[in-house]
Amino acid sequence: MRSSFAKSIYLGAAVLGLAGLSAVTTTTASAKSKAATITSDKTLSTDATKRNVTFTGTNALYTKPGTVKGAKVVATTTTTKNLNKSTSSHNNFRAYRVAKTNRGSIYYKVVSYNKVYRGWVYGGKSADTFAGGLTSYNTFKEGTLTADQKAGTYKLTNPGKTAAGLTYKQPAWTQYKIGKTIADTTAYKDATFSITAVGTRTREGDTWVKVANNNTTDTKADGWILLSNLTQTNAMNEQSQVKVVVKDLSGNTLKSFNYTTGVNADATAKVYDSSTKTGFSADFNTALTSALSGTGYSVDGKGAYNVYSKVVNGQTVTLYAKQGDQVPTKANIYLKNPTTAAVALATTTSSTAKVDNAAAAEGTIITPANTTDLFKGTNGASFTADAALAYLKGNSSLKQLVSPSWDETVDGNTTTYHYVYTPSSASAGVYGTAFDATYTATKTAVTGSTDAGTNGESPITNTATATTDNE
């Protein structure tokens, strides 16, 4: 028993000795206990942006997995705790390798974004999730643009080669080895930008915005930049402007803009004119209509909730808009035929009789039986070319149009043909105003019947009202 007791004291002293040396960066981690061995070591292949991590502070960072022979401390638990609390994104970490020991322990190899720290840290017992001395870390938190940011136009405050004047592919130091968009922004000193996204770096808490050059043909400098490194070019002049904010009836901001009234402090007459149909002055109504173009909303300038008894420069005028009625939208159908390069507006016929030949069929489509499934949307609201084309391709009556049929005889065998037209492109537009659609022809043998009006095809005329439910 004395021998056993003596051994326990000796082992206890050895453990205490190791604990006392853990803060020394060159200390051997395994001491005289039997070292673990590595049974697997491989590169992580999951999405790199999902491997951003930070220390929990419960484990140190080693040159090798901590229980393996020869492992030395790179960063003590005190240091990893401090790195966890760092307010610099330079101290973000990326995990890139994973190892497993014969004891079932998982270790991850990590590197700091500034490459000051690199090593292995205990990661728990499962390679499916970060645990132990590591946890996943969101280096950047996306936010929501304010109405002012959406409406604002900006210039680079300090264009050039310094960090303050540069844009980045991602907010600086939020993704490993993802850096500058462009090395020198001097050429963009006069460019104006719009903000398309916003967020904050987790460690610093500073605001970064994604900017796009308003000259859409030159996007080399588009990227992320500190909001404080931008200067707004359309900020309100409180001596000669009022800020106009337009909201829907639920209080959501639709548009905002600055309206120039002049140098007079009392700007009421510059905004309102009770003698007009709209209740606004002609100039203000033009500016308001332009701001709301494509939204499908309009403002009742004579509604009590939209009338201010007095408007002064520097003031914010909040107006409430209502959505327009649902309206159908016509499609002007243009046909591209196999024998002609030109695209021409289709002619229509209600007759299902055969024509003499292919030339007589070209450029004509048979009026469809069903034109009640309409392309509808809020009056004045915008729709994209893709939305219009998707509607045409998805509508049972409009996705395939046919020409009158004709017969062709070869070696005594007669075959009936017609042109089948399918939508190939459409134009963007606003609901309530006709848009253009182009259909491409394919010469096709009529199956089941020589009568193009009863062969199951669904044609359309160029004057048919093509609409959607705008869902």
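**Close-up 1. Polar contacts of Asn 313.** In this predicted model, the side chains of Asn 313 and Thr 261 are joined by a polar contact of 2.3 Å. The side chain of Asn 313 also reaches the backbone oxygen of Gln 239, at 3.0 Å. Asn 313 sits in the loop between β17 (297-299) and β18 (316-323).

**Close-up 2. Surroundings of Asn 313.** Asn 313 has a relative accessibility of 13% and therefore counts as buried, the cut-off being under 20%. Leaving aside residues up to four places away in sequence, Asn 313 touches Glu 238, Gln 239, Ser 240, Gln 241 and Val 242, and also Thr 261, Gly 262, Val 263, Asn 264, Ala 265 and Ala 267.

**Close-up 3. The largest pocket.** The volume of the largest pocket is about 320 Å³. Its lining is made up of 20 residues, and those nearest the centre of the pocket are Leu 44, Val 98, Tyr 108, Ala 127 and Asp 128. Three strands, β1 (38-43), β5 (93-101) and β6 (106-112), each contribute at least two residues to the lining of the largest pocket. By residue class, this lining has 7 nonpolar, 7 polar and 6 charged members.

**Close-up 4. The aromatic pair Tyr 168 and Trp 208.** The structure contains 20 aromatic pairs. Tyr 168 belongs to the loop between β10 (154-156) and β11 (193-201) and Trp 208 to strand β12 (residues 207-213), so the pair ties together parts 40 residues apart in sequence. Tyr 168 is buried, at a relative accessible area of 12%. Trp 208 also counts as buried, with a relative accessibility of 4%.

**Close-up 5. The aromatic pair Phe 375 and Phe 435.** Phe 375 and Phe 435 form an edge-to-face aromatic pair, with a centre-to-centre distance of 5.4 Å and an angle of 75 degrees between the planes. Phe 375 lies in the loop between β23 (364-366) and β24 (376-378), while Phe 435 lies in strand β30 (residues 435-445); the pair thus links distant parts of the chain, 60 residues apart. Phe 375 and Phe 435 are both buried.

**Close-up 6. An aromatic cluster.** Five rings are shown here, those of Phe 257, Tyr 259, Tyr 272, Phe 280 and Phe 284, which form one aromatic cluster.

Key. Residues numbered from 1 in each chain as written. Predicted model: local features only at pLDDT ≥ 70, side-chain atom pairs only at ≥ 80, totals over all residues. Heavy atoms only, no water. Helix = DSSP H or I, 4+ residues; strand = E, 2+ residues; numbered from the N terminus. Buried < 20%, exposed > 50% of the residue type's maximum accessible area, 1.4 Å probe, protein only. Polar contact = N/O pair within 3.5 Å; in protein donor to acceptor, adjacent residues only side chain to side chain. Contact = heavy atoms within 4.5 Å. 1 Å grid on protein atoms, 1.4 Å probe; cavity = no way out; pocket = protein on both sides within 12 Å on 5 of 7 lines; lining within 4 Å. Points joined across faces, edges and corners; volume = space filled by probe spheres on them. Nonpolar A, V, L, I, M, F, W, Y, C, P; charged D, E, K, R; others polar. Phe/Tyr/Trp six-rings, centres within 6.5 Å; stacked < 30°, edge-to-face > 60°.
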